[in-house]
Amino acid sequence: MRPKIAHGYDRISLWLDQSEYPGSLSELRPYCGDVLHAAHTMPYGKNWKSVLNILQPSPRCLEIVKHRLGRRATALPNNVEIALDIIPLQNIQNQIENLESAFLESAIPLWTRSPIKVYEKTIYFGSRSGTSQRKAGRLLVMYSDKHSKLNPRDDNPLRTPCLHMEFRIFGTPSLERIGLFSINEMIEFDHLEFWKNQVKLYRLPNLTKTGGLVGAMKGMSKDVSSRALRKRATSWIKEHTVQTTLGQNFFVLHNAVLGCDRRLMEPHRITFKNLISQAVAKASLAPRSAN
């Protein structure tokens, strides 16, 4: 059985041009994880007088906020976490492990030039430093030890873990670059298209061809034997294998192509659907763990 996919926001932060939220927070809570409102002025932005933070807002929640704001208040998106959950429905642990492995072996975010960082149970595609994150404007984060908060509880009564990925987008300029100017764009946002545009996925060919690809990306000699190409590929994969949140060693394509000509990878592009199918097929061959 294929995993379920959930798209949404893990968190949104809106600055308001008045100190009070023009509605009741209690009417939002049935449609989100939680909501907080605080009256304080934005640093270096005295026209913005309070901030509204909403965790896991559903489309209905965003519609209510839009209606309550109406013409009474203006909202400025500031920080947004755009989330994607892949939720296994059977053979949970094997699928989780293979989904994480498949993503790390395939994914190249378009904007970062820093290697991944693994801290406790979270993988960061870039620096964990708050200052560095705000400067970069965005950060891709992944973990696989919690249940989906984007998925209704009755769809996952056991609250089993999922592969959770989120783009943390910092600051109004970064949000505007992806088309999030207001609450209206948040409601109409095309999550599937966003992930397709922000993360490219690839599947490496066999070792001989991978060795040739590595050589082309690094400007190495082409006049080598098939055996030498396989050895080159094996060495490259080993060099860029890291221990992840699951305590296992996985090859990280993002790290491996830093500083290389990534355009040479284009013939090997795959889709999220390809990636999930690959992980599910691999999990089905592994011994089942208790769920």
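This tour visits salt bridges, a pocket and the cysteines of a predicted model.

Residues are numbered from 1 along each chain as its sequence is written, and side-chain values use heavy atoms, with hydrogens and water left out. As the model is predicted, local features need pLDDT of at least 70 and side-chain atom pairs count only at pLDDT 80 or more, while totals for chains, interfaces and linings use all residues.

**Stop 1: salt bridges**

A salt bridge here is a side-chain nitrogen of Lys or Arg within 4 Å of a carboxyl oxygen of Asp or Glu. The count is 8.

Select Glu-81 and Arg-11. Their closest N and O atoms are 3.8 Å apart, and they form a salt bridge. Glu-81 sits in strand E4 (residues 75–87) and Arg-11 in strand E1 (residues 4–16), so the pair ties together parts 70 residues apart in sequence. Strands (E, at least two residues) and helices (H or I, at least four) are DSSP runs, numbered from the N terminus.

Is Glu-81 buried or exposed? Glu-81 is buried, at 15% relative accessible area. Arg-11 is partly exposed, at 35%. Buried means under 20%, exposed over 50%, and partly exposed in between (1.4 Å probe, protein chains only).

Next, select Asp-34 and Arg-29. This salt bridge has its closest N and O atoms 3.5 Å apart. Asp-34 is partly exposed at 29%, and Arg-29 is partly exposed at 39%.

Move to Arg-168 and Glu-166. Here the closest N and O atoms of the salt bridge are 2.7 Å apart. Glu-166 is buried, with a relative accessible area of 1%.

Now pick Lys-200, Glu-266 and Arg-269. Salt bridges link them in a network.

**Stop 2: the second largest pocket**

Select Leu-192, Lys-196, Thr-271, Phe-272 and Lys-273. Of the 16 lining residues, these lie nearest the centre of the second largest pocket. A pocket is an open set of points on a 1 Å grid over the protein atoms alone, with protein on both sides within 12 Å along at least five of seven lines; lining residues have an atom within 4 Å of a point.

The pocket holds about 270 Å³ of space. Its lining has 9 nonpolar, 2 polar and 5 charged residues. Colour E1, helix H6 (191–198), strand E10 (199–202), strand E13 (269–270) and helix H10 (272–285): each supplies at least two lining residues.

**Stop 3: cysteines**

How many disulfides does a search of the whole structure find? It finds 0. A disulfide needs two cysteine sulfur atoms within 2.5 Å.

Select Cys-162 and Cys-32. The closest cysteine sulfur to that of Cys-162 is in Cys-32, 19 Å away, too far for a bond. Cys-162 is buried, at 0% relative accessibility. End at Cys-260, buried at 17%.

Technical notes
On a 1 Å grid over the protein atoms alone, a cavity is a set of points where a 1.4 Å probe fits but cannot get out, and a pocket is an open set with protein on both sides within 12 Å along at least five of seven lines; lining residues have an atom within 4 Å of a point. Grid points are joined across faces, edges and corners, and a volume is the space filled by probe spheres set on the points. Ala, Val, Leu, Ile, Met, Phe, Trp, Tyr, Cys and Pro count as nonpolar, Asp, Glu, Lys and Arg as charged, and the others, Gly among them, as polar.
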